[in-house]
Amino acid sequence: MMDHFLTDQNWLPYLFALLMGLTMLIYVVLDGYDLGVGMLTINRGDAHKDRMIASIGPFWDANETWLVLGVGILLVAFPVAHGIILTELYLPVALMIFGLIFRGVAFDFRAKVPAERKARWNRFFFLGSLLTTLAQGYMLGSYILGFATGLGPFLFSILIALVLCSAYCLVGACWLILKCEGELQKKAVVWAKRHLFGAVVGLTAISAATPLFSPRIMEKWFSYPEIIWLAPFPILSAVLVIALYISLQKTPRPQDRKSGLPLALTIGLFILSFVGLAYSFFPYVIPDQMTILDASTSPEALTIMLWGVAIVFPVLISYTALSYYIFRGKAQDLSYD
């Protein structure tokens with residue numbers, strides 16, 4: 001059976017699905033924290049806003065590269081699914097792209113306009129971050145339900161959008177705990193506690209509601225014996241939430257010890273949530289409509305594209321790791337000279 005599997009190259013579509021999923025997970029974590037920081041800037045003092053934006057300054061533009069790679073893999077490896085997904089999500093995709101462009105313009109203009117106009121571009125940076133996150137959350141909710149229409153699916157997608165805002169603010173606040181100090185770091189701890197509550201309540205509601213919308217997901221998670229060997233996922237998630245709460249209670253510590261622990265625990269929650277979604281979807285690219293094998297392009301084309309991915313993926317990982325190494329430590333004021 002394994003020889004047949006390898007000869008038919010059935011593994012290639014699954015490999016590209018894995019790479020696409022990994023790319024989107026990296027994007028959600030990396031761009032998630034800088035979108036969260038953008039949303040947290042609302043109603044903060046100018047000094048705090050400058051330092052908050054300085055904390056993401058060296059990274060935020062490169063973080064979006066992972067989104068481009070993920071969509072690119074979807075296009076070249078699963079072209080039929082790419083067409084269906086972007087057609088169904090045309091409006092939220094357009095809003096997301098507008099939000100990304102809008103926040104990018106605001107990021108630069110806020111530092112170049114006269115002082116009396118800076119507040120306006122700070123608001124635009126917040127609005128661009130908020131719009132991008134809401135669009136991504138709505139797309140995720142619609143995708144989970146296989147692009148179903150009606151009031152119920154619409155409200156479910158809105159719920160996902162709001163929960164994603166809280167989740168991004170949580171990881172953004174944890175990023176600020178790591179990168180900032182003093183009063184701003186203490187405020188970031190308060191923001192993290194607040195959004196931890198919102199994210200946990202929202203994720204719990206989604207976990208309870210999703211199986212009700214999808215009998216297939218209900219069966220995958222709650223039939224026997226699956227419910228037994230899947231039990232570690234919610235248990236480990238609960239352990240991470242408790243550990244994160246305890247860590248936030250003790251932060252900041254003397255000499256700024258373990259300031260990166262809240263961020264690490266939050267990333268762990270993101271990974272567990274993503275793995276849970278991946279398990280729920282598999283083997284579908286479009287839930288309940290199109291499988292990975294049905295949506296994939298020819299094995300010959302995937303073989304050629306694999307060489308390109310084998311070059312691009314390590315380069316992006318290396319560049320990302322290098323940039324975070326170079327700009328490690330506490331955030332400094334940005335200079336645009």
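User: Which residues line the largest cavity?
Analyst: This is a predicted model. In it, the largest cavity is lined by F59, A62, N63, W66, Y319, T320, S323 and Y324.

User: How many cavities of 30 Å³ or more are there?
Analyst: The structure has 1. The space in the largest cavity comes to about 30 Å³.

User: Which helices supply at least two residues each to that lining?
Analyst: α4, residues 60-63, and α16, residues 299-326. The most comes from α16, which gives 4 residues.

User: And how does the lining divide into nonpolar, polar and charged?
Analyst: There are 5 nonpolar residues, 3 polar ones and no charged ones.

User: Switching to the largest nonpolar core. Which members touch the most others?
Analyst: The core has 89 residues, and those touching the most other members are F16, W66, F78, A81, L176, W191 and L244. W66 is also one of the residues lining the largest cavity.

User: What does A81 touch, leaving out residues up to four places away in sequence?
Analyst: A81 is in contact with L74, V285, I286, M290 and A295.

User: Now Q185. Where is it found?
Analyst: Q185 is in helix α10, which covers residues 182-213.

User: Is Q185 buried or exposed, and why?
Analyst: Q185 is buried, because its relative accessible area is 4% and the cut-off for buried is under 20%.

User: Which side chain does Q185 make a polar contact with?
Analyst: The side chain of D256, at 2.8 Å. Not counting residues up to four places away in sequence, Q185 touches D256 along with I177, C180, P252, S259 and K330.

Notes: Residues numbered from 1 in each chain as written. Predicted model: local features only at pLDDT ≥ 70, side-chain atom pairs only at ≥ 80, totals over all residues. Heavy atoms only, no water. 1 Å grid on protein atoms, 1.4 Å probe; cavity = no way out; pocket = protein on both sides within 12 Å on 5 of 7 lines; lining within 4 Å. Points joined across faces, edges and corners; volume = space filled by probe spheres on them. Nonpolar A, V, L, I, M, F, W, Y, C, P; charged D, E, K, R; others polar. Core = buried A, V, L, I, M, F, W, Y, C linked by side-chain atoms within 4.5 Å. Buried < 20%, exposed > 50% of the residue type's maximum accessible area, 1.4 Å probe, protein only. Contact = heavy atoms within 4.5 Å. Polar contact = N/O pair within 3.5 Å; in protein donor to acceptor, adjacent residues only side chain to side chain.
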